[in-house]
Amino acid sequence: MKSVLVIGMGRFGRHLALKMLELGNEVMIVDAKESIITELAPKFTNAYIGDCTNESVLKEIGVNNFDLCFVTIGDNFQSSLEITSLLKELGAKYVVSKASRDIQAKFLIKNGADEVVYPDRDMAEKLAIKHNAKNIFDYIEITDDYGIFEIPIVKEWAGKSIKTVDVRKNFHINIMAIKSDDQLKVLPSADYVFDENDHILIVGKPADVFKLTDKI
């Protein structure tokens, strides 16, 4: 369990705070608007109304006592930058700040952010890749070049083993897991025989995966 501070209760901040709470962490939320905190207070035992560009507010909260501090303000970059800088000055252990552009990320890093996230860009890229080709059920980016994809098997694979199909050699992908009858088989052996209804979770480059999905 971690102690988490989330500053800025826009859509991203709300979803983040609720998920961190669901995962069993101690979460404190902060926003300058009283109406937002009043709405969310029943879900959080720790909720604070305040403008975090004011150093005294952050001191009163005790930001150095949190394992993670998230700055999720999306509509005022100047405020996000000021808060990020103040958090580090006041001893925050790890600060994650939201950005929408690379230039913002550079300023945030220079002013103390330990990590910068691009939720809008990341979601847009995920949707673009997921819907660029047919038969991609899910996608997670690992690096700029590789991702994890969930796809159905090629029909011709049914009844054949992973070793026989030799996906690594023939398609330049690696199988991480098989989804079969709502069961997940992680790191299946080379002797595993595909069923026609199987889905596979694979690691590969998007271009290679798109070539494979064209065969499905």
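Visitor: In what sense do β5 and β6 pair, and over how many bridges?
Guide: In this predicted model, strand β5, residues 95-98, pairs with β6 in the parallel sense over three bridges, and within that pairing Lys-98 stands opposite Val-117 of β6.

Visitor: What order do the strands of the sheet take?
Guide: Six strands make up an open sheet with parallel pairing, in the order β3-β2-β1-β4-β5-β6; β3 (46-49) and β6 (115-117) are the edge strands, each pairing on one side only.

Visitor: And by how many degrees are neighbouring strands turned against each other?
Guide: The average for neighbouring strands of this sheet is 20 degrees, with direction ignored.

Visitor: Switching to charges, how many salt bridges are there?
Guide: The count comes to ten salt bridges, and Asp-102, Arg-121, Asp-122 and Glu-125 are linked in a network of them.

Visitor: Which residue forms a salt bridge with Asp-114?
Guide: That is Lys-88, with the closest N and O atoms 3.0 Å apart; the pair links distant parts of the chain, since Asp-114 lies in the loop between α5 (102-110) and β6 while Lys-88 belongs to helix α4 (residues 77-89), 26 residues apart.

Visitor: Why does Asp-114 count as partly exposed?
Guide: Because its relative accessibility is 34%, which falls between the 20% limit for buried and the 50% limit for exposed.

Visitor: What about Lys-59, where does its partner sit?
Guide: Lys-59 forms a salt bridge with Glu-55, the closest N and O atoms being 3.4 Å apart, and both residues lie in helix α3 (residues 55-61), four residues apart, about one turn of the helix.

Notes. Residues numbered from 1 in each chain as written. Predicted model: local features only at pLDDT ≥ 70, side-chain atom pairs only at ≥ 80, totals over all residues. Heavy atoms only, no water. Pairing = 2+ DSSP bridges. Helix = DSSP H or I, 4+ residues; strand = E, 2+ residues; numbered from the N terminus. Axes fitted to C-alpha atoms, helices over the stretch in contact; angles between N-to-C directions. Salt bridge = Lys/Arg side-chain N within 4 Å of Asp/Glu carboxyl O. Buried < 20%, exposed > 50% of the residue type's maximum accessible area, 1.4 Å probe, protein only.
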